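Thank you all for coming; I would like to walk you slowly through one structure this morning. Please have the sequence and the model open as I speak.

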Amino acid sequence: MQETRVPALHRLLAVGYELSITKPLPSPARNSTLAARGFRMHRIRCALLAVLALICFAPLVHAQSALTPAQKADLKGAYRFERANWIYVHLHGTPHQIGFQHGYLLAPEIEQAFAVARLDNTHSTGLPWSFFRATARNIYWPHIEPEYRQELQGIADGVQAHGDSDIDLWDIIAINGFLETPQYYVPWLQKTQHIKNSADLKAPGNCSAFVATGDWTRDHHPVIAHSMWYPFMAGENWRIIFDIAPEHGYHILMDGFPGKIDSGDDFGINSAGIEITETTITGFVGFDPHGIPEFVRARKAMQYSASIDDFARIMLDGNNGGYANDWLIADNRTNEVARLELGLKVHRLWRTKNGYYVGSNFPSDPTLIKEETDFNPNDPSSSMNARHKRWDELMAQYKGQIDAKLAEKFLADHFDAYTGKEGADERTLCGHIDQSPRGVPQWGSTPFDPSGAVNAKAADSSLVSHMSFYARSGRPCGEDFLVKPFLDAHPEYKWATLLNDMKGNPWALFHSDDHSASVPMAAAGQ
């Protein structure tokens, strides 16, 4: 806990100390009046510093002292620090302990995530937040196994222990389901239950990704990379690095969203050498309210998979169709990579030890395309197909050279394969939908929608063997998104009152059991 809190206090005290010594007191021999005045000013500065410290840290002291002995024991060994706009949290222990540490260490971020998820979900569906809480209680909770029930309850307990908060278990579960509920469950209700709701909801197009091995990579071992695409208002909150050492299962290192037990954008590695990422399936329609939520299956697969077969089995078991994806998986021990295209009724697994798979929100299996989507594989102007073409071009161009450094370059690519020109837009691997007059109608993204790529991650075999990866918060290209000039030009998005600037950041290296004293910016692309 000291790593989280004490440095801020030290900085404040240091500033006060500097204020008191920057200008030495005048010598009494030179001017006794000035000396006395200087001494009085010195005492005033010290008194003001003491008052400031009490004002700033009294709530913290109260919160720390209000913890029970059991809660203090649950927090032992957990910590957080920041690097290159990422917040790294180390969590360990039983499911409830992991949840409590998560909720307590990330309480301010979870409050923000809750506000964003509530605004995002209620605006897109036209439904009140009470609907999402009821969905958490009645649709998701009955199908969550005890381990993750305990962790979710722990998150709620941790947020409440940190300070005055109204967030409870059902809000936390609603945050975990904020990708599934509006774009999978609500459309199912519209179709099957004929609820009175006119919202035009579509499965999202989130992410660009690839995995490669064999002759395609520099060392003939797997390389994996991914960028998260999402509306910026929520997407800029995807800046948590979770380092989780659970009581059961494998050690996990993944990026994620505050309050979620899974990665959410789904990039992570585990200590068994399994590497996982995904991109969503455009135009997918389907949901089973009696199935296991995707956020539970995704977390379980990250925690318990020791092979590609394990991963496929866990994701298929109780599949509810929520957040349907093309999953890209690598086994760092066998050098095998795979692609699991997972619909609700249809799925297919491709695998190889010499090749690559790419993702840009396009499905491939003809049966799945026909039966579970409205995707058009023959439209070269769509974001999905243009990025697919660009991925294939890069894989061919750099065959035998691909490593983590090139992966970073790929994710920042601004070449539009449809027009054949440079220029960031919705069709480039580094997605800038906010600069597109077309938007992405297949996802319901309107022209100049403030959305696109919001982070990037990359790892090669050597990094994975040391439980580490590179990550960049913000656009993969490092450019800024600034709210004021954007809203001045596009006032139709002023409803997004929680939209913030998303500044560019450098690539940074993270590893399991990392600490703030570690070398922060040893990135492959620097």
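Predicted model: local features only at pLDDT ≥ 70, side-chain atom pairs only at ≥ 80, totals over all residues.

Let me start with valine 89, which is found in strand E2, residues 86-93, where helices (H or I, at least four residues) and strands (E, at least two) are DSSP runs numbered from the N terminus. Residues are numbered from 1 along each chain as its sequence is written, and side-chain values use heavy atoms, with hydrogens and water left out.

Is valine 89 buried or exposed? Valine 89 is buried, at a relative accessible area of 0%, where buried means under 20%, exposed over 50% and partly exposed in between, with a 1.4 Å probe and protein chains only. Leaving aside residues up to four places away in sequence, valine 89 touches several residues, among them Tyr79, Leu105, Ile240 and Phe242, a contact being heavy atoms within 4.5 Å. Its C-alpha atom is separated by 9.4 Å from that of aspartate 513, which is 424 residues away along the chain.

Now to the aromatic rings. Rings of Phe, Tyr and Trp (its six-membered ring) pair if their centres lie within 6.5 Å, and planes under 30 degrees apart count as stacked, over 60 as edge-to-face and the rest as tilted. By this rule there are 31 aromatic pairs. One of them joins tryptophan 238 and phenylalanine 257, a tilted pair with 4.7 Å between centres and 50° between planes. Tryptophan 238 lies in the loop between helix H10 (232-235) and strand E5 (240-246), and phenylalanine 257 in the loop between strand E6 (252-256) and strand E7 (268-270), so the pair ties together parts that are 19 residues apart in sequence. Tryptophan 238 is buried, at 1% relative accessibility, and phenylalanine 257 is buried as well, at 0%. Elsewhere, ring pairs link Phe114, Trp129, Phe131, Phe132, Tyr185, Trp188 and Phe287 into a cluster.

Finally, the cysteines. How many disulfides are there? The count comes to 0, a disulfide being a pair of cysteine sulfur atoms within 2.5 Å. The sulfur of cysteine 430 has its closest cysteine sulfur in cysteine 477, at 3.8 Å, which is too far for a bond. Cysteine 430 is buried, at 0% relative accessibility, and cysteine 207 also counts as buried, at 0%.
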